[in-house]
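Take a look at the model first, then read on.

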Amino acid sequence: AHELGHGVHQYLSRQQGVLQSSTPLTTAETASVFGEMLVFQKLMKELDDPKEKLALLIGKIDDTIATVFRQISMNRFEHAMHTARREEGELTTERFSELWMEQQKALYGDSVSLTDEYGIWWSYIPHFLHTPGYVYAYAFGELLVLALYEEYTQRPDGFSDRYLELLSAGGSEWPQDLVAKMGLDITQPDFWNKGLSSFERMVEEAEEMARVIK
Ligand SMILES: [Zn+2]
């Protein structure tokens with residue numbers, strides 16, 4: 001569903017020509033993540049076994065946490081590292097690890113114990129070196145799709161036409177202008193909270209299902 005979504009997006013936006021068909025990173029994952037969401041919802045409807053349903057739902061929750069919260073914590077690490085470089089001069093490996101651990105502790109709280117060895121794990125993310133400032137786009141894309149899906153369930157009339165128009169526009173306009181045509185305003189915190197509350201409902205649903213299975 002994911003890669004097919006990219007294919008559909010590229011196919012629809014071909015009319016924009018080679019210079020404007022590709023999207024900026026922020027909307028690049030829209031069609032692929034939206035496609036995943038449609039398949040996920042369909043599979044949820046088709047499954048009967050409550051345990052299988054719960055497993056599928058928890059998989060989706062895991063993915064969403066990794067895409068939204070984990071990437072935001074990486075974005076905060078990246079910000080902290082560049083700020084420290086400006087204020088403190090050249091940074092040592094140990095200093096990078098300290099900044100990394102601060103953000104990772106904020107993310108995980110007391111849910112897991114982070115060992116000292118985990119301090120060096122910032123080094124396995126290629127983006128920090130090769131594409132600085134990238135990681136926030138994962139969280140952006142996921143929340144955008146959650147909000148779009150919310151819009152689809154609440155106001156299904158004419159949604160597909162507007163959605164196809166959004167994809168066909170490719171990268172010809174700013175993301176905020178394209179999404180505005182869907183009746184959504186990405187400059188408002190409400191818009192992002194929409195995505196977060198639909199995620200919250202997934203977690204509540206999983207908790208409820210787990211109670212019933214017991
Ligand atoms: Zn993708």
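Contact here means heavy atoms within 4.5 Å. The model is predicted.

**Helix H8 and its cover**

Start with helix H8, which spans residues 159-168. Its buried residues are Phe159, Tyr163, Leu166, Leu167 and Ser168. What lies over them? The cover of the buried H8 residues includes H1, helix H3 (30-46), helix H7 (136-154) and helix H9 (175-180). Just after H8 comes Gly170, with a positive phi of about 55 degrees.

**The zinc site**

Which atoms hold the zinc ion? His2 (NE2), His6 (NE2) and Glu29 (OE) coordinate the zinc ion, at 2.1 Å. Along the sequence, the donor residues follow the spacing H-x3-H-x22-E.

**A nonpolar surface patch**

Now turn to the surface. Ile65, Phe69 and Leu196 form a nonpolar patch there. Together they have about 220 Å² of accessible area. Leu196 belongs to helix H10, residues 189-213.

**Partly exposed residues**

| Residue | Relative accessibility | Class |
|---|---|---|
| His2 | 23% | partly exposed |
| His6 | 23% | partly exposed |
| Leu196 | 31% | partly exposed |

Why does His2 count as partly exposed? Its relative accessibility is 23%, and the partly exposed class runs between the buried limit of under 20% and the exposed limit of over 50%. Leu196, at 31%, is partly exposed too.

Definitions and conventions: Residues numbered from 1 in each chain as written. Predicted model: local features only at pLDDT ≥ 70, side-chain atom pairs only at ≥ 80, totals over all residues. Heavy atoms only, no water. Donors = N, O, S within 2.8 Å, 3.2 Å for Na, K, Ca; no water. Buried < 20%, exposed > 50% of the residue type's maximum accessible area, 1.4 Å probe, protein only. Patch = residues over 30% accessible without salt bridge, like charges linked within 9 Å, V, L, I, M, F, W, Y side chains within 5 Å. Areas by Shrake-Rupley, 256 points an atom, 1.4 Å probe, with all protein chains shown as cover. Salt bridge = Lys/Arg side-chain N within 4 Å of Asp/Glu carboxyl O. Helix = DSSP H or I, 4+ residues; strand = E, 2+ residues; numbered from the N terminus.
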